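Work through the exercises below with the sequence and the model open beside you. Each task is followed by a solution that goes step by step.

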Amino acid sequence: MTVTPQSVDDALPPPPGFVPLPEALTSGYNLASGGFLVAQEAGALIGGFRVTARCCNRAGFCHGGKLATVCDIFLALAVVFREDLRDDFLPTVSLTMDFMAPVARGAWAELQADTLRITRSLVFAQGLVTVDGIPAARASAVYHRTPPARDSAHSMGAALRAIL
């Protein structure tokens, strides 16, 4: 398959139930990296994105940097959503990635996260990126807790709940 700037694979719709992140959460690097969509399943936040040509390396697979960026942002949002944290922002202390299988162009990459532990100053989380139910990458992250949002109605978790 010849890699072209735009193909049919790039235009495939997401699975039902996935919506864009709220505008307040899509600025900066997340926007520049192509971002991801979210859905809710059994009280948990699920993320996903279509692997387009702009996500791919020269071999035609999703670049590891794209996977790491999405995992970093998604894991923090998933913890805030599930645990109803009022933290305004969770800066990354540590992110470890294990790439288990290549993610081909056109694939729908889905993200799931688990909260491992929350302390007064840190949050520990892990997650998987899967394609058709098969693990493609595993992420482990530690985030620093920041002071609660002044207006908890406008916290990251509240913004996500409002769209789901």
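The exercises cover confidence, salt bridges and the packing of a helix.

This is a predicted model, in which local features need pLDDT of at least 70 and side-chain atom pairs count only at pLDDT 80 or more, while totals for chains, interfaces and linings use all residues. Residues are numbered from 1 along each chain as its sequence is written, and side-chain values use heavy atoms, with hydrogens and water left out.

**Exercise 1. State the mean pLDDT of the protein and find where pLDDT stays under 50.**

Begin with the term: pLDDT is the predictor's confidence in each residue, on a scale from 0 to 100. The mean for the protein is 89, and 91% of its residues reach 70 or more. Next, look at residues 1-5, over which pLDDT stays under 50 and for which the model has seven contacts (heavy atoms within 4.5 Å) beyond four places in sequence. Where pLDDT is low, the predicted coordinates should not be read in detail.

**Exercise 2. Count the salt bridges, and describe the pair Arg145 and Asp87.**

A salt bridge is a side-chain nitrogen of Lys or Arg within 4 Å of a carboxyl oxygen of Asp or Glu, and by this rule the count comes to four. The side chains of Arg145 and Asp87 meet at 2.9 Å, N to O. Arg145 lies in the loop between strand 7 (134-144) and helix 3 (156-163), and Asp87 in the loop between helix 2 (64-83) and strand 4 (92-99), so the pair ties together parts that are 58 residues apart in sequence. Helices (H or I, at least four residues) and strands (E, at least two) are DSSP runs, numbered from the N terminus.

For accessibility, buried means under 20% relative accessible area, exposed over 50%, and partly exposed in between (1.4 Å probe, protein chains only). Asp87 is therefore buried at 2%, whereas Arg145, at 23%, is partly exposed.

**Exercise 3. Describe the pair Arg138 and Asp98.**

The N to O distance in this salt bridge is 2.8 Å. Because Arg138 lies in strand 7 and Asp98 in strand 4, the pair ties together parts that are 40 residues apart in sequence. Arg138 is partly exposed at 43%, and Asp98 is partly exposed at 31%.

**Exercise 4. Which residues of helix 3 are buried, and what do the buried residues pack against?**

The buried residues are Met156, Gly157, Ala158 and Leu160. The buried residues of helix 3 pack against strand 2 (37-41), strand 3 (44-50) and helix 2.
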